[in-house]
Amino acid sequence: MNGRPLDLARAAYLTVNGAIVFFLLMPIAIVLVFALNPTPYIAFPPVGVTLRWFVKFFSSPDFMSALWLSLRVAALVVVLSTTIGAMCALALARGNLPGARLLTTLFLSPLMLPAILTGLSLFQMLMLAGIGRPVWGLVVGHTLVAVPYVLRTTLAVLANFDRRIEEAAAVLGANPARVFFEVTLPLIRPGVIAGAIFAFIVSFDQLPISLFLVVPGGETLPVVLLNYIRFDLDGAIAAASMVSIVLALTAVVLLERIIGLRAYVRL
Amino acid sequence: MTAERTLSRRSFIKATGGASAIAAFGAPAVLRAQTATLKTTAWGGKWGEVMKATVIPAFEKEFRCKVETVSAFPYYPKLQATPKNAPLYDVLHSNTSEQWQAAVEGLVEPRIDAKNVPNIADVFPYAVSDKMVGVSMFTSAIGFGYRTDKGIVAPKSWKDLADAKFAGQRGSYIIPVNSLGQMHLMMLGKVYGKGLTDLDAAYKALEQLKPIKTFDFTGQMEKALLSGEVTIGVLHDSGIYRYDGQNQPIEFAAPQEGVLALEQVLAVTPGSKVKELAYAWVDFMLRPDIQKPLAEAVWYSPSNRKVKLDARYDAKLYNTEAKVAQLIQVDWRWYNERKDDIDARVARILRG
């Protein structure tokens with residue numbers, strides 16, 4: 001008698017969670033079905049299994065150059081945004097800066113603006129300055145919207161940081177650089193890494209800013225995909241989506257395996 | 001099996017080699033001497049493939065220049081955001097609606113002088129009509145795409161879309177973002193009212209089309225037809241003919257009231273630093289030897305009346321005086337001036 005309400009509550013809990021997981025994963029399942037279905041349109045049930053869309057994707061010079069460019073830009077953005085975001089977070093949390101809250105809001109402001117406006121503004125700035133559209137302009141644009149993610153996640157870790165550990169290291173004779181690299185950095189690493197993962201995904205999937213800043217003849221994967229679906233909405237799009245999903249998952253799993261993210265998250 | 005004609009770089013250059021040599025010989029010496037860069041917008045898909053594989057290399061070789069293409073939309077806001085004396089593009093390739101937006105703001109030259117682009121003398125009148133900016137190099141015909149396996153008789157009139165049996169099975173476009181949807185709205189004004197600008201009649205007719213499935217892009221409409229999600233939809237002929245020979249149960253129908261022209265337009269920017277090269281590009285794109293392979297690759301109707309298409313394409317595309325007489329061109333300048341009001345009204349109709 002006593003266990004019944006609990007069982008019902010647990011069943012309700014599992015049902016709600018199951019529904020949420022289903023809602024989150026269903027689009028991916030549909031994309032996978034579309035990517036493997038031989039028909040050049042979404043059909044359910046699928047009429048067979050084929051890898052022709054993956055072959056089309058991987059054999060297309062346009063898709064491949066776009067994928068390669070997106071990966072290179074995302075890698076640069078991860079390095080830049082992680083460095084800038086982590087340093088900003090440290091300065092804001094530790095620097096006793098006047099107007100630190102205002103500065104934090106300022107650094108987070110790219111998230112509050114529609115990305116398309118950020119893209120248009122950067123584009124106008126580059127044009128008016130006579131710079132044109134170099135690849136580094138694209139990297140700067142992506143970095144601008146990626147930095148707030150690193151900043152936010154690093155600030156979250158710093159909020160619970162016990163500074164006495166650093167003080168102990170200093171008392172034991174470590175210089176400031178050694179304290180930073182051997183004490184501070186390892187402890188804030190979960191926030192920095194989480195921010196880096198966000199930065200990679202934000203850059204790799206970035207469309208509104210890329211639309212304005214892509215280089216002629218050098219377009220990122222989301223831009224190429226958008227242009228493609230205007231004329232050819234076939235399974236190659238789904239194959240490209242699956243590749244993107246797999247790449248994002250691979251990045252997360254690799255970081256978890258190499259750096260042991262899970263252990264840090266438990267902290 | 002594919003209906004689209006495959007075209008290798010080698011065969012293309014071979015086919016166009018003679019004409020290219022003649023044109024190059026006749027081209028101004030300044031063009032042959034320079035190594036300037038021409039910046040132009042470009043479509044993706046099969047069009048983009050053919051352009052990159054054959055047309056652009058042929059132009060670069062002939063004029064000893066580099067062509068930079070950009071296919072990242074939106075073109076017009078980018079052109080707006082660029083100084084007029086240093087435009088982002090030398091040649092704007094887009095549909096007529098966007099060209100008019102740019103022309104009104106002085107971002108592209110509204111007319112092209114035949115002295116600068118000699119091949120304009122050979123285009124059909126619609127390509128340089130008063131409804132146009134620059135010159136149309138190709139056009140598609142907008143009518144209906146429909147399923148042939150659902151017992152449907154080929155639609156004959158634009159009014160057939162309102163047939164009750166197509167409720168929930170008919171398709172058009174999200175009018176604020178798609179020019180085919182905008183043209184369809186104007187056509188409703190023509191067939192149900194006093195003309196293409198009779199918006200009251202158009203709104204009433206649109207109300208009668210509910211429930212209707214609306215799409216962002218023509219590519220989505222094509223797939224909706226192929227999958228059977230819709231049985232009839234507003235579509236350009238090339239969106240159907242590209243599946244020719246693939247045994248798909250879809251066909252194109254040209255309504256008796258006429259088909260709408262979806263032009264592929266080229267216009268030169270006034271501030272271009274390589275204007276001669278820009279005109280040369282427009283002239284090149286109008287050349288019969290360039291128009292033919294492009295038209296046959298993507299099923300666009302060439303605007304140069306001297307183009308001789310293979311029988312398969314000749315039978316279907318709009319390439320004679322009698323056929324192009326069926327094309328209806330809309331007044332985009334008029335539409336663009338009212339676009340915000342139209343968008344708001346249409347949103348209310350389709351939401352309600």
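The second largest pocket holds about 810 Å³ of space. Here a pocket is an open set of points on a 1 Å grid over the protein atoms alone, with protein on both sides within 12 Å along at least five of seven lines, and lining residues have an atom within 4 Å of a point. Points are joined across faces, edges and corners, and a volume is the space filled by probe spheres set on them. Before going on, note that this is a predicted model, in which local features need pLDDT of at least 70 and side-chain atom pairs count only at pLDDT 80 or more, while totals for chains, interfaces and linings use all residues. Residues are numbered from 1 along each chain as its sequence is written, chains are lettered from A and ligands numbered from 1 in the order in which they are written, and side-chain values use heavy atoms, leaving out hydrogens and water.

Of the 33 residues lining this second pocket, A:Pro61, A:Asp62, B:Gly48, B:Glu49 and B:Lys52 lie nearest its centre. H3(B) gives the largest share of the lining, 8 residues; helices are DSSP runs (H or I) of at least four residues and strands (E) of at least two, numbered from the N terminus.

Which residues lie nearest the centre of the largest pocket? They are A:Arg230, B:Phe73, B:Asn95, B:Val177 and B:Ser179, out of 39 in the lining. About 1100 Å³ of space lies in this pocket.

B:Phe73, B:Phe217 and B:Lys223 supply 24% of what chain B buries against chain A, more than any other three residues.

Now look inside chain B, where helix H6 (residues 179–192) and helix H7 (residues 199–208) pack at about 100°, their axes 7 Å apart. Axes are lines fitted to C-alpha atoms over the stretch in contact, and angles run from 0 to 180 degrees between N-to-C directions. H6(B) and H7(B) are therefore roughly perpendicular (65 to 115 degrees). Among the residues making this contact are B:Leu185 and B:Tyr192 of H6(B) and B:Tyr203 and B:Leu206 of H7(B).

A cavity is a set of grid points where a 1.4 Å probe fits but cannot get out.

Terms used: Angles under 35 degrees count as roughly parallel, over 145 as roughly antiparallel, 65 to 115 as roughly perpendicular and the rest as oblique. Contact means heavy atoms within 4.5 Å. Buried area is the accessible area (1.4 Å probe) that two parts lose on being put together, summed over both.
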